[in-house]
Amino acid sequence: MSKTNLIDISTKLIQEAYLADNRPWVIGYSGGKDSSCVVQLVWNALLGLKKDQLGKPIYIITSDTLVETPAIEAHLLSSIEQIGEASAEQGLPFQAHTVKPEISDTFWVNLIGKGYPAPYTN
């Protein structure tokens, strides 16, 4: 099966799922290749629908963990901003949001202040 056929099939499945009910969608977005691909596939699928079919919102949510490097954080916040702007310009139902932990729930407060164990791999 060609790459084009897989994209066409994915687009049709996304459109059918979007139109199946009125429940909003939430897409977790990290700015990496996988979540960027999901957003792009859903975006392109919705572009193929009629404007009167775009009634339910799709929330793109990213988490500012307060641990990333400044360059990564700037890229993530910039891309979320661009998603919001492009959605408004194109009349799509995407709403992009960034969530942040309360200071008392940040990684460093939990690790150093509360003594939570550090993440590790086996």
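Tutor: A crossover is right-handed if, with the strands pointing away from the viewer, the path from the first strand over the helix to the second runs clockwise. Helices (H or I, at least four residues) and strands (E, at least two) are DSSP runs, numbered from the N terminus. This is a predicted model, where local features need pLDDT of at least 70, side-chain atom pairs count only at pLDDT 80 or more, and totals for chains, interfaces and linings use all residues. Residues are numbered from 1 along each chain as its sequence is written, and side-chain values use heavy atoms, with hydrogens and water left out.

Student: What makes strand 1, helix 2 and strand 2 a β-α-β unit of a given hand?

Tutor: Strand 1, helix 2 (residues 33–47) and strand 2 form a right-handed unit, so by the definition the path over the helix runs clockwise. The chain's crossover from strand 2 through helix 3 to strand 3 is right-handed too.

Student: How do you know that strand 1 and strand 2 pair?

Tutor: Two strands pair if DSSP finds at least two bridges between them. Strand 1 and strand 2 (residues 58–63) have four bridges, in the parallel sense, so they pass that test. Strand 2 and strand 3 have six parallel bridges, with Ser-63 opposite Val-99.

Student: Why are strand 1 and strand 3 said to stand at the edges?

Tutor: The open sheet runs in the order 1-2-3. Strand 1 (25–28) and strand 3 (94–99) each have a single partner strand, so one side of each has no neighbour in the sheet. The twist from one strand to the next averages 25°; axes are lines fitted to C-alpha atoms, for helices over the stretch in contact, and angles run from 0 to 180 degrees between N-to-C directions.

Student: What does helix 3 touch when it packs on the sheet?

Tutor: Helix 3 (residues 70–90) touches strand 2 and strand 3, and its direction makes about 155° with that of strand 3. Contact means heavy atoms within 4.5 Å.

Student: How do you know that the buried residues of helix 1 line one face?

Tutor: Thr-11, Ile-14, Gln-15 and Tyr-18 are the buried ones. Down the axis they fall within an arc of 100°, so they line one face of helix 1; the arc is that of the directions from the helix axis to the C-beta atoms. They pack against strand 1, helix 2 and strand 2, while the face turned away carries the exposed Lys-12 and Leu-13.

Student: What span is expected for helix 1?

Tutor: The expected span is 1.5 Å times one less than the number of residues. Helix 1 (residues 3–19) has 17 residues and reaches 24 Å from its first C-alpha to its last, close to the expected 24 Å.

Terms used:
Buried means under 20% relative accessible area, exposed over 50%, partly exposed in between (1.4 Å probe, protein chains only).
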